[in-house]
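Trainee: I would like to learn how to read a structure step by step. Where should I begin?

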Amino acid sequence: MASPALEAQAKALNARMEGKAKEQIDEIDRTLLRPIARNSYACVLKCYDKVGTTGPTEQLQHCSQECQAPYQQYQVVVQQEVNQFQNRLNRAMMQCQDDARDLVTKDIQDDPAQMKKFEKSLISCISKTVDHHITLLGPMKKRIEAH
C-alpha cells in the first residue's frame with residue numbers, strides 16, 4: 001500500500017506531465033489547427049458562393065469535402081501522435097511500477113525504513129520518466145508541423 005507522501009508525489013508528477021502536454025497540444029491547436037480550420041471554413045463558403053442556390057447538391061458536397069480534407073487529415077495526425085505519446089508514457093510508467101514491485105518482499109513491507117527507500121526509488125523512476133517524456137513533446141510537435 002502506498003503512503004500518502006508517495007501518492008502526493010505521484011500526483012504532482014502526473015499533474016506536471018499533464019500540464020506540459022496540455023501546453024504543447026494547445027499551442028498546436030492555436031498555431032496549426034485553427035488556421036487550417038479557418039481556411040477550410042472559408043473554402044466551404046466559397047463552395048456555397050460558387051454553387052449558389054441553383055447548383056447540384058453533389059457538387060456542393062464534393063467541394064465541401066475537398067475543403068475540409070486538410071483539416072481532417074491534420075486532426076488524424078495530431079490524434080495519432082498524441083495516442084503514441086500516451087502509450088509510450090504509459091508503458092514507461094508501468095515499467096517503473098513493475099521494477100518497483102519486483103523489489104518488494106515481505107521483509108521490506110514490514111520495515112518502514114526500507115519502504116521509504118523503496119518509495120523513493122519508485123518516485124525517482126517516475127520522475128525520470130516524466131522528465132524524459134516532457135523532452136519528447138517538442139519533437140512530437142515538430143513531427144506534427146512537418147506533416
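This is a predicted model: local features need pLDDT of at least 70, side-chain atom pairs count only at pLDDT 80 or more; totals for chains, interfaces and linings use all residues.

Trainee: How many helices and strands does the protein chain have?

Mentor: There are 4 helices and 0 strands in the protein chain. Read from the N terminus, the order of elements is α-α-α-α.

Trainee: What does the radius of gyration say about the protein chain?

Mentor: Set the value beside that of a compact globule. For 147 residues such a globule would come near 15 Å, whereas the protein chain has 24 Å. The spans of the C-alpha trace along the principal axes are about 80 × 25 × 25 Å. As for burial, 31% of the 147 residues count as buried.

Trainee: How are two packed helices described?

Mentor: Two things are given: the angle between the axes and the distance between the axes. Take helix α1 (residues 4-51) and helix α2 (residues 57-103), whose axes come within 7 Å and cross at roughly 170°. Angles over 145 degrees count as roughly antiparallel, so α1 and α2 are roughly antiparallel to each other. In the contact of α1 with α2 there are 22 nonpolar, 5 polar and 1 charged residues.

Trainee: At what angle do the axes of α1 and α4 cross?

Mentor: The axes of helix α1 and helix α4 (residues 112-146) cross at roughly 5° and come within 10 Å. Because of that angle, α1 is roughly parallel to α4. The contact of α1 with α4 is made up of 14 nonpolar, 5 polar and 7 charged residues.

Trainee: What span is expected for α4 at 1.5 Å a residue?

Mentor: The expected value is 51 Å, and α4, with 35 residues, reaches 51 Å from its first C-alpha to its last. Look also at the start of α4: there a side-chain oxygen of aspartate 111 comes to within 3.1 Å of the backbone nitrogen of alanine 113.

Trainee: Which residues of a helix point the same way?

Mentor: An α-helix has 3.6 residues a turn, so residues three or four places apart point the same way. For a case, turn to aspartate 26, which lies in helix α1. The side chains of aspartate 26 and lysine 22 are joined by a polar contact of 2.7 Å. Aspartate 26 counts as partly exposed because its relative accessibility is 28%.

Trainee: Is leucine 45 buried or exposed?

Mentor: The cut-off for exposed is over 50% relative accessible area. Leucine 45 has 56%, so leucine 45 is exposed. This residue is also placed in helix α1.

Trainee: How far apart in space are leucine 45 and cysteine 67?

Mentor: Compare sequence with space. Leucine 45 and cysteine 67 are 22 residues apart in sequence, and 9.6 Å lie between their C-alpha atoms. Now take threonine 105 and glutamine 65: they are 40 residues apart along the chain, and their C-alpha atoms are separated by 60 Å. Threonine 105 is partly exposed, with a relative accessible area of 38%.

Note on methods: Residues are numbered from 1 along each chain as its sequence is written. Side-chain values use heavy atoms; hydrogens and water are left out. Axes are lines fitted to C-alpha atoms, for helices over the stretch in contact, and angles run from 0 to 180 degrees between N-to-C directions. Helices (H or I, at least four residues) and strands (E, at least two) are DSSP runs, numbered from the N terminus. Angles under 35 degrees count as roughly parallel, over 145 as roughly antiparallel, 65 to 115 as roughly perpendicular and the rest as oblique. Ala, Val, Leu, Ile, Met, Phe, Trp, Tyr, Cys and Pro count as nonpolar, Asp, Glu, Lys and Arg as charged, and the others, Gly among them, as polar. The expected span of a helix is 1.5 Å times one less than its number of residues. A polar contact is a pair of N or O atoms within 3.5 Å; within protein, one must be able to donate a hydrogen and the other to accept it, and residues adjacent in sequence count only if both atoms are side-chain atoms. The radius of gyration is taken over C-alpha atoms; the globule rule is 2.2 Å times the number of residues to the power 0.38. Buried means under 20% relative accessible area, exposed over 50%, partly exposed in between (1.4 Å probe, protein chains only).
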